[in-house]
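Please look over the sequence and the structure shown here before reading on.

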Amino acid sequence: MTDRLTIRRPDDWHLHLRDGEMLKAVLPETTRHFARAIIMPNLVPPVVTAADAADYRDRIMWAKPKNSDFKPLMTLYLTEDTEVRDVRAAAEIGLIHALKLYPAGATTNSQSGVRDFKKVTRVLETMAQIGLPLCVHGEVTNPEVDIFDREAAFIERVLDPIRREIPELRVVMEHITTKDGVDYVAGGGDTIAGTITVHHLVINRNHILAGGIRPHYYCLPVAKREEHRIALRAAATSGDPTFFLGTDSAPHTDAAKLQPCGCAGCFTAPNGLSILAQVFEEDGALDRLEGFVSEYGPRFYRLPLNDGTVTLEKGPPVEYPAQIETGDGPVTVFDPGMPLYWRVVD
Ligand code: DOR
Ligand code: ZN
């Protein structure tokens, strides 16, 4: 039986760090294990220009624990006013690694997102030319589309038409939650990849809604039926380099989650790696964990692999704090609902 596992240091290809007090409190939870992360730009106001991204990167570097060599990989929030020049310049100097497409209204702070996709064609063409990936939040927002169908509808109505019009555009379909997403990404050739979160490998919609409502499991895209979770598990543990980790760790204070209209997001930074080791072991795929967390992401983003390693050890159940304290109030850590035996020791 394997009880010790050393793998190349992982990266997180989708992370919310927020700003101010929250940034200070949550950043060490990521830097402890991860070497790099794609940083989501949905601040208030959003990170839309190269100058915004440079400032935000500086704030992250300030907030970082002093002994950490963590590297934030910045992104810009794509709006209908995004300027081609600005994107090109920011990519050339290596400041940004992707643009993020939020359909307007899809999720937290997405009001500035894209309403008319025609208005961003020039930016997308430029990105295709220079090989800059587009990260997409793949949900339509039309009120008449059922929330559980929004990913499938997005693929058909938005993503596929964009990819047909601009076939060279490199796309990361982020936090996929359905078999439809898995199948679309798997069959999409080498210009598309899919990220999968920790929580969508563990919970389905019953965990959120059956026997009482559990706001800490509410995130977007919302978890779907069990058959979809199984498809995500199969994709993540398959060793197919098209799928890699993007935790979408998305901290909100308990006060913001526990509301009549609570925020979407699961905070998995503290225990994400432990949970993943458990999931991969359960599925007989521990030998594929390294590819999923440390190799396939950099390959798609055309970045070098990390040099360092992390070691996980299996032993008696590991306890993670139920919450972490922040200057803005407590933030609840994602509860996987099962004992975790793998801990990061080094
Ligand atoms: O659950 C989510 N939380 N999904 C998102 O797309 C955004 C994120 C956030 O920023 O809180
Ligand atoms: Zn996100």
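Predicted model: local features only at pLDDT ≥ 70, side-chain atom pairs only at ≥ 80, totals over all residues.

One open sheet has eight strands and parallel pairing, while another open sheet has three strands and antiparallel pairing.

**The eight-stranded sheet**

- The strand order in this open sheet is β2-β3-β4-β5-β6-β7-β8-β9, and the pairing is parallel.
- Strands β2 (11-15) and β9 (243-245) stand at the edges with a single partner strand each, so one side of each has no neighbour in the sheet.
- Direction ignored, neighbouring strands of this sheet are turned by 30 degrees against each other on average.
- Within the sheet, strand β4 (residues 71-77) pairs with strand β5 (residues 96-101) in the parallel sense over four bridges, and Tyr77 has Lys100 in β5 as its bridge partner.
- Helix α6 (residues 179-186) packs on this sheet, where α6 touches β7 (171-173), β8 (192-196) and β9, and the direction of α6 makes about 145 degrees with that of β8.

**The contact of α6 with α9**

- The axes of α6 and helix α9 (residues 226-236) come within 8 Å and cross at roughly 35 degrees.
- On the α6 side the contact is made by Lys179, Asp180 and Val182, and on the α9 side by His228, Ala231, Leu232 and Ala235.
- Sorted by class, the residues of the contact of α6 with α9 are four nonpolar, one polar and two charged.

**The three-stranded sheet**

- This open sheet has the order β1-β10-β13, with antiparallel pairing.
- Strands β1 (4-8) and β13 (342-344) stand at its edges, each with a single partner strand, and therefore one side of each is left without a neighbour in the sheet.
- Neighbouring strands here are turned by 25 degrees against each other on average, direction ignored.
- Strand β10 (residues 309-314) pairs with β13 in the antiparallel sense over three bridges, and Leu312 stands opposite Val344 in β13.
- Helix α11 packs on this sheet and touches β10 and β13, its direction making about 140 degrees with that of β13.
- Helix α12 lies across β1 and β10 and runs at about 25 degrees to β1.

**The contact of α11 with α12**

- The axes of helix α11 (residues 272-282) and helix α12 (residues 289-301) come within 9 Å and cross at roughly 140 degrees, which means that α11 is oblique to α12.
- Leu273, Leu276, Ala277 and Phe280 in α11 meet Leu289, Phe292 and Val293 in α12.
- The residues of this contact comprise seven nonpolar, no polar and no charged.

**Around ligand 1**

- For His16, a polar side-chain atom lies 3.3 Å from an oxygen atom of ligand 1.

Methods. Residues numbered from 1 in each chain as written. Chains lettered and ligands numbered in written order. Heavy atoms only, no water. Axes fitted to C-alpha atoms, helices over the stretch in contact; angles between N-to-C directions. Helix = DSSP H or I, 4+ residues; strand = E, 2+ residues; numbered from the N terminus. Parallel < 35°, antiparallel > 145°, perpendicular 65-115°, else oblique. Contact = heavy atoms within 4.5 Å. Nonpolar A, V, L, I, M, F, W, Y, C, P; charged D, E, K, R; others polar. Pairing = 2+ DSSP bridges. Polar contact = N/O pair within 3.5 Å; in protein donor to acceptor, adjacent residues only side chain to side chain.
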